Amino acid sequence: MGPGGVLEGFEALQGEGKVRFFGFSGLGEPSAIHRLVDSGRFHTVQVYYNLLNPSASYPVPPTFSAQDYQGLMDRASARGMGVAAIRAMAAGALSATPEAGGGARSSTPLSPGSEYARDVERARSLGFLVRDDIHRMSQAALRFALMNPAASTVLLGFSTPRQIDEAAACAEAGPLPERDLEQLHHLWETL
């Protein structure tokens, strides 16, 4: 890669026509992540974003119990970067069957304050989202992530064809109702 480091290596590969775009995962210290976004040298960023931690796009109080990404998603989008929302299902804590323990395999959370058992407990407060045309928490979680205009894409893992069908249906269903967003804003004040 040369003496300059990883970023300079990617820029050299781009100059040689071997890659068109490159980016990074926006995990870690928010001020450092924001500096990388502001550098203008990256094209994409993966952003931790879900119903339990919306801080990459929504303000949260200083007492918020998880990592505060301080509007990272909106900042990157405003700079013209592609934004990939990750962990929309909070490692399975927002799935139809969180008790299956999808995210419990790792002892270290991907994002501070988002330990799996804690997220499963916090997800219980979101039961009001499951009604009418939202039959499972996973549908609410997908619709929430998909409705953000700053998200270029939402990265999801699938284990069954049914999950792919559900994601496609959520994309067609549109955003969560405004009344749900209002209730979510109040809930985030307590998480």
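Residues are numbered from 1 along each chain as its sequence is written, and side-chain values use heavy atoms, with hydrogens and water left out. As the model is predicted, local features need pLDDT of at least 70 and side-chain atom pairs count only at pLDDT 80 or more, whereas totals for chains, interfaces and linings use all residues.

Helix 5 spans residues 137–146 and helix 6 spans residues 161–173; helices (H or I, at least four residues) and strands (E, at least two) are DSSP runs, numbered from the N terminus. The two helices pack at an angle of about 55°, with their axes 9 Å apart. Helix 5 is therefore oblique to helix 6. Axes are lines fitted to C-alpha atoms, for helices over the stretch in contact, and angles run from 0 to 180 degrees between N-to-C directions. Angles under 35 degrees count as roughly parallel, over 145 as roughly antiparallel, 65 to 115 as roughly perpendicular, and the rest as oblique. The crossing of helix 5 with helix 6 is right-handed (the near helix is turned clockwise from the far one by less than a right angle).

On the helix 5 side, the contact (heavy atoms within 4.5 Å) involves Ser-138, Gln-139, Leu-142, Arg-143 and Leu-146. Their counterparts in helix 6 are Glu-166, Ala-167, Cys-170, Ala-171 and Ala-173. By class, the contact of helix 5 with helix 6 comprises six nonpolar, two polar and two charged residues, where Ala, Val, Leu, Ile, Met, Phe, Trp, Tyr, Cys and Pro count as nonpolar, Asp, Glu, Lys and Arg as charged, and the others, Gly among them, as polar.

Nine of the 10 residues of helix 5 are buried, so this helix is largely enclosed by the rest of the structure. Buried means under 20% relative accessible area, exposed over 50%, and partly exposed in between (1.4 Å probe, protein chains only). The buried residues of helix 5 include Met-137, Ala-140 and Phe-144. Besides helix 6, these buried residues pack against helix 4 (116–123), strand 4 (153–154) and helix 7 (178–188).

Not counting residues up to four places away in sequence, Arg-143 touches Asp-133, Ile-134, Cys-170, Ala-173, Gly-174, Pro-175 and Leu-176. A polar atom of the Arg-143 side chain lies 2.9 Å from the backbone oxygen of Pro-175. Pro-175 belongs to the loop between helix 6 and helix 7 and is exposed, with a relative accessible area of 52%. Apart from neighbours within four places in sequence, Pro-175 is in contact with Arg-143 and Met-147. Pro-175 and Leu-142 are 33 residues apart in sequence and 9.5 Å apart in space, C-alpha to C-alpha.

Leaving aside neighbours within four places in sequence, Gly-113 is in contact with Ser-65, Ala-66, Arg-118, Asp-119 and Arg-122. Most residues other than glycine have a negative phi. Arg-87, although not a glycine, has a positive phi of about 65°; Arg-87 is found in the loop between strand 3 and helix 4 and is partly exposed, with a relative accessible area of 33%. Ala-91 is also found in the loop between strand 3 and helix 4, with a positive phi near 60° and a relative accessibility of 25%, which counts as partly exposed.

How values were computed. Polar contact = N/O pair within 3.5 Å; in protein donor to acceptor, adjacent residues only side chain to side chain.
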